[in-house]
Amino acid sequence: MRALSSRVRAPAAGRSSAGRTSWFKWLMLFAAVVLALALPYGVSSFWIDIATQALIFGLFALSINIISGYGGMITLGHAGLLGVAGYGVAILTTHSGWPLGAAVAAALLICAVASVFFGALVVRSRGTYFVMITLAEGMVVWGIAQRWGELTGGENGIPGIPKPSFALLDWQYYYFVLAAVAVCTVLIARLVRSPFGLSLKGIREAEDRLAPLGYNVALHKLIAFTISGVFAGVAGVLLAMYNNFIGPSDVFFLASASGLLMLILGGIGTLTGAYVGAAVVTIIENWVSSYFERWQTLLGIVFVLVILFAPDGIVGAWTRHVWVPLLRRLGAGDEAAAAQTATASASGVGLIAAEDRAPSDFRGGVSATEDARSHTTSEPTESDREGARR
Amino acid sequence: MSLHEFWLQLFNGLTFGALLFLVASGFTLIFGLMRIVNLAQGSLYLLGGYVGLSLIRATGSYWLALLGGAVAIAILGLAIERGLLRRVGGNTMAEILLTVGLSFIAADLALAVWGGDPITLSLPSGVEGRTTIFGVTYPVFRIVVLGLGIIVAVGLWALLEHTRIGAIIRAGVDDREMVAALGINVKAVFTGVFALGALLAGLAGVVGGAYLSLYPGADTEILTYSLVVVVIGGLGSLRGAILGSLLVGLIYDFGQSLVPDLAYFVVFAPMALVLILRPQGLFGRAG
Amino acid sequence: MNLCLGTARLRWAAAMTVAAIAAVAAGCGGPGGGDEGGAGSKGPIRVGTLFPTSGTVAAAGTDMLNGWRLWWKLHGSTVAGRKIESTQEDTAGDPNTTLTKARKLVQQNEVGITVGPLLANEAYALAGYLKENPDVVGLNPAGSSDDLSQRKRVDNFVRAGGWQSSTPTQPAGAWAAQQGWKRAITLCTDYAFGYENCGGFANTFTDHGGKVVKQLYSPLGTSDYSSYLAQIDPKSVDGVFVQSVGADAPKFIKAWSDLGLKGKVPLITNETTFEQSTLRGIKNDDPVGLESFGHYAEGASTPGTEQFVAAYKKEYGQLPSYYSCSTYTAAQWLSAAVTQLKGDIGDTQELLKTLNGVKLQDTCFGPMALDDHGGTVANVYMRKVARSSDGKLANEVVKTYPNVSQFFNYKPDAFLDQPVYSREYQGTDWPTNCDAFARACPPGMGS
């Protein structure tokens, strides 16, 4: 169990190392921005399509990252929140004739409320129970979408969702999505590095220790869940407008699993991992599928391999094998160490989640025996770890 | 609702519940001991059914298919646990996601091998017919399914309560580390339990293949119902699985006819209620 | 990459990104769009097929692909001097995927003509895309949503070898009433396709004096039909109309027999319940003798059908479903149009006019043409399931209704004034007098 203090120290270390590495990172960021902006000029509409989808699903995966990656709570129902916003904007524009801007705002508000509601149901759970309940929540949304025909169009979904008037063409919409996603990513980056974000990581690493320290763990989780849900809602709104359509398949369990998959593939606990993973999956689904009929098997195999051999995902592997050595060569030892531990903590997500050593506990408070047991297991010795890992 | 309809719905609910129990019991067993949410349980069900189909095509015997399907999936389960799940030992998230990835692969490969047409397994003539109970005509096979569910329930109960292995499993559910500390080969027990859970799923698949037919998507359908069952009944509890299956089966059938407009909610509302009021399920562990 | 940036820098970065994007987007015009593959008048004709070959409707999608390919195999892929090049993209039964693949086909593969998709939601999604891209012509052989040729017609989405969900079930209602049924129960799947099927039956059944005493709706993906069938009391109805589709159909068929209703209560169903793709997977005799209404019958004795069935059986070793016939006919339809235009399909309006004017006598459905609204006018068969001499289950024809249009006996305008069949509107109270009928006003309707 690593102490929290090294977490806090990492960003500080980064900030204080000036010179070449900062400049290098800025260059990379700039290059990425230029590439993203120039994309529509270099490739066909089809690839603009793919890029737009990758960005939207990347944002969705990133929203999952807030609670799953940084918060360590795995969710399998997030497509439900994406859907609440997506259906919200669809219903308000097509059934009620609202102008698009108002509909989007209202949809996100409804999504926030839903996130609070769903979050409240889960905050007192941990580990696999958390997963199960989020799964159930997602399926409830799916059920409503599929069955409440008058409202949601049932199986047929809701077509005819308009795009913003300044983003009607595919490349225009691409820029629109790029801007929206960039803003959201920056906001999420700030959140993660804020004190709130750090306490979230604390919850991931050592939840039982935070309550005695005076943190209202349940409230933290709820806030994180809500924020995460709202960003999923943004992705939902972008998706609904992109397709001019939303349907039950957008909120089905597979959509939630897909988002999580993209995150894991790219690198859970990192900012860029969500986008990398989304890009890979989108390309397989839309491009590889034209050439290889068993592409779904391929997707499954890729996924299994990543979980077995590279749980840090693509970005994690890249950080460890390329970025860190590069940083070392550029002479930024501290920087490299920080990046290393950042990655390691990313893979620490759920690896040996403390809550899974003890039998399930649903109340936020902990009984005396529970307490004793968790204290025993939170000071790991080699044999302890072995036993827990069986 | 006439008396006739009442009996019909009652039989329907009980027999559907029995089928659900076969799948959900494996799911809950695996979770109870190993804390693995086996999201591939639906895939194991479907693969079991398809293996049974191939066996029927090859040998013409449904009973052989039943046995073969169960055993084949048990072996598959063994392979999955030893080859894959163990490698990520203890990492809950990895285990869950691994099972999701496997379910993708299984579903697509099943489509490639057996095609997408819905297929109903043909029953042996002995159980194909109908019988009349309480003035209600009812298919014999469904009653057999109910019987099978009862046998499995009793068998599992006997295993857990009256055998040494069962005691070890129960102890492992309570306190994994202790069991290991006592020198018992916990790994072997885990593998065995997973294989048992898979066996039950495979068996359910051959049964379901004759009852509900096999097709792409049947895996997700049955998994969804299993999840409802275990959320209501409580993860890791055999009693919970029994009660949950009965409840879901009865609610499903009576709900369709009493409140048809809310058919879907009727199944998911109890789950939602349980989640809000008693998240660990009716018989779940409260720590 | 670890973005260890201070808050000031972050703000700066965000502002710059947004500003840059705004400048680029607002300033210069956008990049040139992808070449909208016009079909032109020389070179190959590129066609993109959108069939769902994976997912829950994979079986139907594969049938569609088989039917499409069979036509070109038998008749050669050169028409009026131009080669037909066909690219298949899997829609996976999902509207999002359908749109992405459609965009890919049009922009990347430069197709000028699309064929498909299958499901209603996919079809509506594609219709939306086609509306935005009037240079692309879409052939719709399988998407049977009524409104696509009624109230929500998209001009460049043509029912070539297609059908409408309620077209075969409207004659069914009239037939049932003529058999003397006074009270009927309908059981359909709880989504648009189900509503349109049941609506067609309920509408005409009630016109002829029948009463629909109960309408049951089962969700798509019903696990257990027995709970719905339990609500059918044989003593209180003269007959039952059922629509089921896909994987639900065999479950319904089994439950109908299992609960002893077969033979006890008269049953007629829609097309998809006793579809060949369903019958293929059933080994026992549960479906034998049961009747349905559809626009296709494997056992029809029209030369077009017989030829098609024989050729399909030879090529694929099984009897063809209506999915296969629909895409086979779409290929036939396209061929006819291209031939008529002597290979020059560069003018989209001309092409559409020609496609809408195609009249085929010998399709595997029998004769087929389109009405002024783009809906099909074709045979409706009353079919009965029988086991053929080689042991396979197939639909034989009991009765043929020729030249049935989507408006049945109604005046098109009166029909279109009503809403599309839905859960709320099943036509049971309409019409109230003979004015709405173009012909064959039922006796007792008043005037």
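Let's start in chain C: the bridge partner of C:L370 is C:T376, a residue of strand 14. Helices (H or I, at least four residues) and strands (E, at least two) are DSSP runs, numbered from the N terminus. Strands 13 and 14 of chain C pair in the antiparallel sense over three bridges, where pairing requires that DSSP finds at least two bridges between two strands. Five residues lie between these strands in their hairpin, and there C:G374 takes a positive phi near 85°.

Strand 13 (residues 366–370) of chain C also pairs with strand 12 (residues 360–363) of chain C, again antiparallel, over two bridges. Here C:L360 has C:M368 of strand 13 as its bridge partner, and a hairpin of two residues joins strand 12 of chain C to strand 13 of chain C.

## About the model

This is a predicted model, in which local features need pLDDT of at least 70 and side-chain atom pairs count only at pLDDT 80 or more, while totals for chains, interfaces and linings use all residues. Residues are numbered from 1 along each chain as its sequence is written, with chains lettered from A and ligands numbered from 1 in the order in which they are written.

## Two domains in chain C

An automatic or database domain assignment gives chain C a domain 1 (45–164 + 302–378) and a domain 2 (169–301 + 380–436). Taken over C-alpha atoms, their centres are 26 Å apart. Domain 1 of chain C brings 32 residues to the contact and domain 2 of chain C brings 25, a contact being two residues whose C-beta atoms, placed from the backbone, lie within 7 Å.

On the domain 1 side, helix 2 (58–75), helix 10 (303–316), helix 11 (322–340) and strand 14 (376–387) of chain C each supply at least two residues.

Helix 6 (residues 192–207) of chain C has 16 residues and spans 22 Å from first to last C-alpha, close to the 22 Å expected at 1.5 Å a residue; the expected span is 1.5 Å times one less than the number of residues. Just after this helix, C:G209 takes a positive phi of about 95°.
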